[in-house]
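The following paragraphs are an explanation to be read alongside the sequence and the coordinates.

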Amino acid sequence: MTLLALETSCDETSAAVVRDGKILSNVVSSQVALHAEYGGVVPELAAREHLKNLLPVTQSALREAGVSIAELDAVAATQGPGLPTALVVGFKAAQAVAFALHKPFVGINHHEAHLYSPWIAGDTMTADFSKLQPNVALIVSGGHTLLVLVKSALEHRVLGGTIDDAAGECFDKTGKLMGLPYPAGPVIDRLAEQGNPAAFDFPRPLLHDANDDFSFSGLKTSVRYFIRDHPTLLDDRQKVCDLCASVQAAIVEVLVRKTVRAAKRQGVRCVTASGGVTSNRALRRELEKACHKNGLTLRLAEKSLCTDNAAMIGILAGRKLLAPAPLPSLDEEINPGWALA
Ligand code: KG4
Ligand code: ZN
């Protein structure tokens, strides 16, 4: 089965062609530079950019895959969660293609798709996916921080999530306080490599709570007060690196310890991680160490698939179309607040 998938839930315009669990193309056009001057994603601008980029991105994906539009067997798009004005662009375009071709259309939950990206190796969905279930998945991005128990293919239960800021948001907002450009996550990652993670002590929110929830707004506030009380610190490059390393260490420790604890409590033997923050080198290192120590297999999404992309939407859509369920109707609308159950 050959599928075209579109993803426009936030600030990446992406189109992919997927055939039988294999990614034939995955074109991603990022709007990060456009939103940088505003210090965050501006929904109206994101929507206009998606409108401008969607057709060329889709044409590139088809060309790269060597597939003509007439060869498509189905079309998929992200239905939610996401920014309403952004989601609607890819979702309605995909429905229009499906309608014109008289082919099935599937609306996909963006977070459910993230659950699948760690299982894509190179361009193919690995068989390990079914062997290593159940597993605990960490989805960690600019908008979300979720722990999910994946019981079997297409069957999962959310264990916990952030009660305020997401981990990526915490990277971006604390970076802004340090005067770093948006998105600050990758910059903090880079500067932290030259800093001392034990230089400054920041809180590890909810680390010792029994639940699987996260909270990062208190950490952000303590960084704000710390900078207010040490105003000359930002003039010293080494101290900025130390600050980056210390903030990153606090975020990473909470993510790693709570993920491993959830995995042990659920009695699973595998942990996965995906979403933009999964690109973070310290997070990848510390997850590796903690999983190794606790006898857990770790599957991290490849760096190219950590950020939002249509390939993960297509891979999941392909599996959904194989499942014996009624096909969704073309009358469906976007679902911006679609929380994973
Ligand atoms: O998944 P994503 O591309 O978009 C959504 O938010 O859905 O994630 C973007 C987030 C931003 O907050 C960005 O700062 C963060 O991921 N991020 C990182 C790194 N690369 C991206 N955070 C820490 N270290 C990184 N290397
Ligand atoms: Zn995402």
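A pocket, as the word is used here, is an open set of grid points, computed over the protein atoms alone, with protein on both sides within 12 Å along at least five of seven lines. A molecule counts as sitting in such a pocket if more than half of its atoms lie within 2 Å of its grid points. In this model, which is predicted, the largest pocket is the space taken by ligand 1.

The shell around ligand 1 consists of 17 residues, and the closest of them are G142, D172, D189, G276 and N280. Sorted by class, this shell contains 10 polar, four nonpolar and three charged residues. Two helices, α6 (167-177) and α7 (184-192), each contribute at least two residues to the shell.

Several polar contacts can be traced between the protein and ligand 1. On the side-chain side, a polar atom of D189 is placed 2.8 Å from a nitrogen atom of the ligand, and a polar side-chain atom of N280 is 3.0 Å from a nitrogen atom of ligand 1. The backbone takes part through G143, which has a polar atom 3.4 Å from an oxygen atom of ligand 1. On its own, ligand 1 has 550 Å² of accessible area, of which the protein covers 88%.

Attention now turns to the metal site. The zinc ion, ligand 2, is coordinated at 2.1 Å by NE2 of H110, NE2 of H114 and an OD atom of D308. Along the chain, these donors follow the spacing H-x3-H-x193-D.

The peptide bond that joins Q133 and P134 is cis, with omega at about -5°, and P134 is located in the loop between α5 (128-131) and β8 (135-140). Another cis peptide bond joins Y182 and P183, with omega at about -10°. P183 is found in the loop between α6 and α7, and these two helices each supply at least two residues of the shell around ligand 1. Finally, D20, in the loop between β2 (12-19) and β3 (22-30), has a phi near 50°, a positive value in a residue other than glycine.

Notes:
Residues numbered from 1 in each chain as written. Chains lettered and ligands numbered in written order. Predicted model: local features only at pLDDT ≥ 70, side-chain atom pairs only at ≥ 80, totals over all residues. Heavy atoms only, no water. Near = heavy atom within 4 Å. Polar contact = N/O pair within 3.5 Å; in protein donor to acceptor, adjacent residues only side chain to side chain. Areas by Shrake-Rupley, 256 points an atom, 1.4 Å probe, with all protein chains shown as cover. 1 Å grid on protein atoms, 1.4 Å probe; cavity = no way out; pocket = protein on both sides within 12 Å on 5 of 7 lines; lining within 4 Å. Helix = DSSP H or I, 4+ residues; strand = E, 2+ residues; numbered from the N terminus. Nonpolar A, V, L, I, M, F, W, Y, C, P; charged D, E, K, R; others polar. Donors = N, O, S within 2.8 Å, 3.2 Å for Na, K, Ca; no water.
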